[in-house]
Amino acid sequence: SAAERLRRLAIFVESDASDLPGLAGWEALARIYSAAARRDPESAEVAISSSISAQRVGEMTQVQTHREQLWSISEQSARRAVDLAPTEARAHYALGHILYACHRTEEALEAFECSIGSDPDPATAAWANLYHAHCLHDLGRWQQALESYDRVDRSEFCGVRMWRSDVLTEQRA
């Protein structure tokens, strides 16, 4: 669909957009995501991708106020995705991920629990369980964190993501 092609275009240009000064990179991506959303207003995937992109661009900026703006946009997009697809594991994962980045651990934990309970695909399940465990670890809920770390499918962390498996080992220790 046109919306899906636009979503993929935004993902493709995201790294280049991140290099633009100020909020210019995000503004370019936002125009693409807006066009995609106009073509398919009920697409949770467009909202999920927009959330992920806003968070990533925010992570690349050195200006705190820009980062806060972008992370707010990311959260709004993730919440929209959850509203559009309340049973979609990836939507809940995207919301949990931005909340975790914003140090809103309790809220992130709830979102990851929703993701895990939404019958996620193996990759989403691995990431949701990993961050669910990180939340429990950060909250000092050690036994629950250990159980969640044990549910992480390490086979999802291969190639350039192999270091996640090492982090998992360290966290379990």
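Predicted model: local features only at pLDDT ≥ 70, side-chain atom pairs only at ≥ 80, totals over all residues.

Colleague: How many residues does α5 have, and what span does it reach from its first C-alpha to its last?

Modeller: Helix α5 runs over residues 89–101, which makes 13 residues. At 1.5 Å a residue, a span of 18 Å is expected. The helix comes close to that, reaching 18 Å.

Colleague: Is α5 largely enclosed or largely open, and which helices are included in what covers its buried residues?

Modeller: A residue counts as buried when its relative accessible area is under 20%. In α5, 10 of the 13 residues are buried, so the helix is largely enclosed by the rest of the structure. Among the buried ones are H92, Y93, L95 and I98. The cover over them includes α3, α4, α6 and α7.

Colleague: At the start of α5, which residue has a side-chain oxygen that reaches to the backbone nitrogen of R90?

Modeller: Look at the start of the helix, at the backbone nitrogen of R90. A side-chain oxygen comes to within 3.2 Å of that nitrogen, and it belongs to E88.

Colleague: How many disulfides does the structure hold?

Modeller: A disulfide needs two cysteine sulfur atoms within 2.5 Å. Take C135, which is buried at 0% relative accessibility. Its closest cysteine sulfur, in C102, is 12 Å away, so that is too far for a bond. For the structure, the number of disulfides is zero.

Colleague: Which helix gives the largest share of the lining of the largest pocket?

Modeller: The largest pocket has a volume of about 950 Å³. Its lining has 31 residues, with I52, R56, Y93, H97 and R161 nearest the centre. At least two lining residues come from each of α1, α3, α5, α7 and α9. The largest share, nine residues, comes from α3.

Colleague: One more, please! With which side chain does the side chain of R154 make a polar contact?

Modeller: R154 sits in the loop between α8 and α9, and it is partly exposed, with a relative accessible area of 34%. Leaving out residues up to four places away in sequence, R154 touches S165, L168, T169 and R172. The polar contact between side chains, at 3.0 Å, is with T169.

Note on methods. Residues numbered from 1 in each chain as written. Heavy atoms only, no water. Helix = DSSP H or I, 4+ residues; strand = E, 2+ residues; numbered from the N terminus. Buried < 20%, exposed > 50% of the residue type's maximum accessible area, 1.4 Å probe, protein only. Contact = heavy atoms within 4.5 Å. Polar contact = N/O pair within 3.5 Å; in protein donor to acceptor, adjacent residues only side chain to side chain. Expected span 1.5 Å × (residues − 1). 1 Å grid on protein atoms, 1.4 Å probe; cavity = no way out; pocket = protein on both sides within 12 Å on 5 of 7 lines; lining within 4 Å. Points joined across faces, edges and corners; volume = space filled by probe spheres on them.
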